[in-house]
Amino acid sequence: MRALLDRIRVLAERGAALLGIGAIAFALLSGLTLGSLPSAGLSFLIGKAAGYRAADRQAEINRLARDAAEARVDAAVARAAERSARADEARNASAQVAAEKRNVEYAKLLRALGPMGACGLSDADVGRLRDNAWAVRRGARRSHAPAGR
């Protein structure tokens, strides 16, 4: 142990002579330097870990912001779809009312023709009732009744 201490003393005296300072000052400076290296390394690791944690937190914030933006877009699309569905429903309801009104008027017309007049439907009558279901041109005669009749 004594040999190790003598060797350290010799190295300290050489280092002090090279720097032009006293052996005690050299010992203090080398102690501070050797002590600060591990603490600098530890500080670097702590800073690195804190940086990674901050980056993870920022990534989580960015993901949550993206999710919120997607939810806002989804809500806007849902509201637009609901408005469209309500408009379609209103359009269908008015079309149904108009169709029922046409049917009632046509039934009145058939009743006005009497019992024999109601049996003789023309192609125009069938076109009004069936809305041209068999792809017959208006005014043209069918050669045969559609299948299933």
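Predicted model: local features only at pLDDT ≥ 70, side-chain atom pairs only at ≥ 80, totals over all residues.
View 1. Of the 149 residues here, 8% count as buried. The chain exposes about 12500 Å², and carbon and sulfur atoms supply 62% of that area.

**View 2. Helix H1 spans residues 2-19.** Its 18 residues reach 26 Å from the first C-alpha to the last, close to the 26 Å expected at 1.5 Å a residue. Now look for Ala12, Gly15 and Ala16, which are buried. Seen down the axis of H1, the buried residues fall within an arc of 100°, so they line one face of the helix. An α-helix has 3.6 residues a turn, so residues three or four places apart point the same way. On the other side of H1 you will find exposed residues, including Arg2, Arg7, Leu11 and Arg14. Ala3, Ala17 and Leu18 are also among the exposed residues there.

**View 3. Met1, Leu4, Leu5 and Ile8 make a nonpolar surface patch.** The patch covers about 460 Å². Take Leu5 as a guide: Leu5 sits in helix H1. Its relative accessible area is 47%, so Leu5 is partly exposed.

Definitions and conventions:
Residues numbered from 1 in each chain as written. Heavy atoms only, no water. Helix = DSSP H or I, 4+ residues; strand = E, 2+ residues; numbered from the N terminus. Expected span 1.5 Å × (residues − 1). Buried < 20%, exposed > 50% of the residue type's maximum accessible area, 1.4 Å probe, protein only. Arc of directions from axis to C-beta. Patch = residues over 30% accessible without salt bridge, like charges linked within 9 Å, V, L, I, M, F, W, Y side chains within 5 Å. Areas by Shrake-Rupley, 256 points an atom, 1.4 Å probe, with all protein chains shown as cover. Salt bridge = Lys/Arg side-chain N within 4 Å of Asp/Glu carboxyl O.
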